[in-house]
Amino acid sequence: MDFKKLLFFKETETKSDFVLENRQSYPKSTDDGFKISSKINVNEEYVKKRLNYPKNNDIIIKDFTIKGERKCFSIAIEGMVNSQLIDDAIIEPMLKLPYINDEKIFTSKDAAAKKLISHFSSSTTEDIELVFEEVNFGSCAVFVD
């Protein structure tokens, strides 16, 4: 073996060997046409499939039911969120809500969010891609039936 080749740097003959091509960024959407459904089970199954749950151990999905038997689930990425903070600031207050009457609380999605989640930086969306984007950047998403 020629140790000189291993120990000494020699500039390549053609610089194009090490030039990165300009590539477009990854597409924002999988373009599968999924829209957030009014059925929570449909949303949860899609989220699990899209995030490769439970094989992807970093994904945290918590199922819970708030009073009035309204099903909910939250999604987040382990290590990017404080799980205890999510439990204390989001899920626990939702579990302590009185019985939910649809006529009073669900007049709009924004009114529902303000009454269900007391966290100051919460927002609502109907865009599933925005949900995944926010979760990937360290947010927690909550789906309520």
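This is a predicted model: local features need pLDDT of at least 70, side-chain atom pairs count only at pLDDT 80 or more; totals for chains, interfaces and linings use all residues.
1. Start with the largest nonpolar core, which has 16 residues. Val47, Phe73, Ile75, Ile128, Val131 and Phe143 are the members that touch the most others. Two or more residues each come from α2, β1 (59–66), β2 (70–77), α6 (128–136) and β3 (141–144). The largest share belongs to α6, with 4 residues.

2. Beyond its neighbours within four places in sequence, Ile75 is in contact with Val47, Leu51, Ile60, Ile61, Val131, Val135, Ser139, Cys140, Ala141 and Phe143.

3. There's another core apart from the largest one, made of 10 residues. Cys72, Ile86, Ile91 and Met94 are among them. As general background, nonpolar side chains in soluble globular proteins tend to be buried together.

4. Have a look at Phe34 too, in the loop between α1 (3–7) and α2 (40–50). Setting aside neighbours within four places in sequence, its contacts are Val42, Asn43, Tyr46 and Ile128. Phe34 and Glu129 sit 95 residues apart along the chain, with their C-alpha atoms separated by 9.2 Å.

5. On the cysteines: how many disulfides does a search of the whole structure find? The count is 0. Cys72 is buried, at 3% relative accessible area, whereas Cys140 is partly exposed, at 25% relative accessibility.

Note on methods
Residues are numbered from 1 along each chain as its sequence is written. Side-chain values use heavy atoms; hydrogens and water are left out. A disulfide is a pair of cysteine sulfur atoms within 2.5 Å. Buried means under 20% relative accessible area, exposed over 50%, partly exposed in between (1.4 Å probe, protein chains only). Contact means heavy atoms within 4.5 Å. A nonpolar core is a set of buried Ala, Val, Leu, Ile, Met, Phe, Trp, Tyr and Cys residues joined through side-chain atoms within 4.5 Å.
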